[in-house]
Amino acid sequence: MKVYIKPNTSYHSATLYILKLIEKNQNISFSFVESSEKANIIWDHTVPSSEFIYLDFYDGLQGERYNFNHNHIFRTSPTVTDKNEKKDSIATIFYMINCLQELNPNEESLDQFGRFKYEASFQAKFNSIEENLVQQEIDLFCKKHRLKGTIKRSAFFVSHDIDTIYGSFLQDGFWALKKLKIGVILNLIIWELSRKPHWKNIDKIIKIDSEYDIHSTFFWLVNKGKGAYNIKNADYNIIKEQKLLDLVEQSGLTSGLHKSCSEMSINQELKKGSFQTNYNRYHFLNFLPHKDWKKISESKLELDCSLGFAEHFGFRNSYGKAFQPFDIDKDEPYNFIEAPLNFMDGTFRKYMKIPTNAIANIIINFYEKNPTNCDFSLLWHNTYFSNYKYNSFLGEYKKILGYIYENKIECVTPNELIKENKIEW
């Protein structure tokens, strides 16, 4: 399919970027030509045969910023339209996938930890957090232009954030005390004295993942104690726990940085932890896309895995795949891949308060509603492999892994996410 995009316009780079994203999504190739007369699809606001272009939107990406608050952009539905309700499909995809609703958030849109709140999102407004809206727009675009690509089966990316490995004695102990489980308290004391704390369970996690042929990624903190917003960072010293990182590597699995809540840069933390990794997830999901994407682009990272709402599972940017975000200041894609987070144990327990025995089925049903073109990111903390405070969560995790294994669903690695979603610019 031959495509023409009028050069030196406010919409040229954004349109080119989305078309390259569609190429990746559908495994197709566009031929970009220099003359509209030779093209099958045209973006040129000066000719009647052009795809619809909402110029105000693209002009707002440059110079003085447009009002990108979703209440202004998405007035009656999650689509970018002009005053006559005519939809610009490219602008709609561009807005959602790059989290433009979070570009300049006001204080009311942020929680006490500086995170963009789910309740402040258009996904909450339109009850669409579980809908892959970007994919729907891509499918409509392809149907309109009779484009037929190769659709890939949805995969999983499984990871474990290691926040604490020495907290079991107090937290599991308090749980056991309330339940009057004296035997549990005695076990915890014995493990503590023998320096084998219950949450220092990386070997157990590796064993479980390997039983289901799951390639998982472990994200590690390099800073201890309380950090920004009074958030607790690690309770361990990363240098002293090098044997745990070696165990992950020796098992053929992957380690990444769990960027702490601190003033240290990403590269400084990588150096402090002696990390040989290009992957990251922000601790506590203490992350704002347009602030932190710039920091990531200035670092050695090639993959970030932080884009998810703590309060609700689903699609924070209304897209199911990993993708290369766009730097609107430089008018070009960033130099790394973002793999959005879809499911987190703490979301179900702490925020949504969903009964534990319903969690696996929710995740499995979500997959079955989105069986193609998704890279589902599943986060299960090491603390949720507990026999005590979080004991029923282990069973749910095994149900999910069993479903992945029995249905021969691919479990992708960080390198595969990078390779499959990096666009040529």
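**Notebook: sheet, salt bridges, cysteines**

I started at a strand pair: D304 stands opposite E338 in β11. The model is a predicted one, so I keep that in mind throughout. D304's neighbourhood is strand β8 (residues 303-304), which pairs with β11 in the parallel sense over two bridges.

**Entry 1: the sheet**

Next I wanted the strand order. Eight strands form an open sheet, and I read them off as β11-β8-β7-β6-β5-β4-β13-β12, with parallel pairing. Which strands stand at the edges? They are β11 (337-338) and β12 (343-344); each has a single partner strand, so one side of each has no neighbour in the sheet. Helix α10 (residues 242-250) packs on this sheet and touches β5 (216-220) and β6 (254-259). I noted the direction of α10 as about 160° from that of β5.

**Entry 2: strand β13**

I then looked at β13 (residues 375-379). How many of its residues are buried? Five of five, so I wrote the strand down as mostly covered, given that buried means under 20% relative accessible area. D375, S377 and L379 point one way from β13, while F376 and L378 point the other way, and all are buried.

On pairing, β4 and β13 run parallel and are joined by five bridges.

**Entry 3: salt bridges**

The count came to 16 salt bridges. I went through a few.

E420 and K152 meet through their side chains at 2.9 Å, N to O. This pair links distant parts of the chain: E420 is in helix α16 (residues 414-421), K152 is in the loop between α6 (133-144) and β4 (155-162), and they are 268 residues apart. Buried or exposed? I found E420 partly exposed at 26% relative accessibility, and K152 partly exposed at 30%.

E211 and K207 form another salt bridge, with the closest N and O atoms 2.8 Å apart. Both lie in helix α9, four residues apart, which I noted as about one turn of the helix. E211 is partly exposed, with a relative accessible area of 45%, and K207 counts as exposed at 52%. Looking for shared partners, I found that salt bridges join K152, E410 and E420 into one network.

E119 and K117 form a salt bridge too, their closest N and O atoms being 3.5 Å apart.

**Entry 4: helix α9 against helix α15**

Back to α9 (residues 202-211), this time for its packing. Its axis and that of α15 (residues 391-406) come within 10 Å and cross at roughly 30°. Which residues make the contact? From α9 I listed K204, I208 and D209; from α15, L394, Y397, K398 and L401. By type, the residues of this contact divide into four nonpolar, three charged and no polar.

**Entry 5: cysteines**

I checked for disulfides and the count came to zero. C261 is in no disulfide, and the nearest cysteine sulfur, that of C305, is 16 Å away. C261 is also buried, with a relative accessible area of 3%.

**Entry 6: E130**

Last stop, a loop residue. E130 sits in the loop between α5 (122-125) and α6. I noted E130 as partly exposed, at 38% relative accessibility. What does E130 touch, leaving out residues up to four places away in sequence? The list is H312, F313, F315 and F366. I also looked up S318: its C-alpha atom is 8.0 Å from that of E130, though the two residues are 188 apart along the chain.

Key. Residues numbered from 1 in each chain as written. Predicted model: local features only at pLDDT ≥ 70, side-chain atom pairs only at ≥ 80, totals over all residues. Heavy atoms only, no water. Axes fitted to C-alpha atoms, helices over the stretch in contact; angles between N-to-C directions. Contact = heavy atoms within 4.5 Å. Nonpolar A, V, L, I, M, F, W, Y, C, P; charged D, E, K, R; others polar. Disulfide = S-S within 2.5 Å. Buried < 20%, exposed > 50% of the residue type's maximum accessible area, 1.4 Å probe, protein only. Salt bridge = Lys/Arg side-chain N within 4 Å of Asp/Glu carboxyl O. Pairing = 2+ DSSP bridges.
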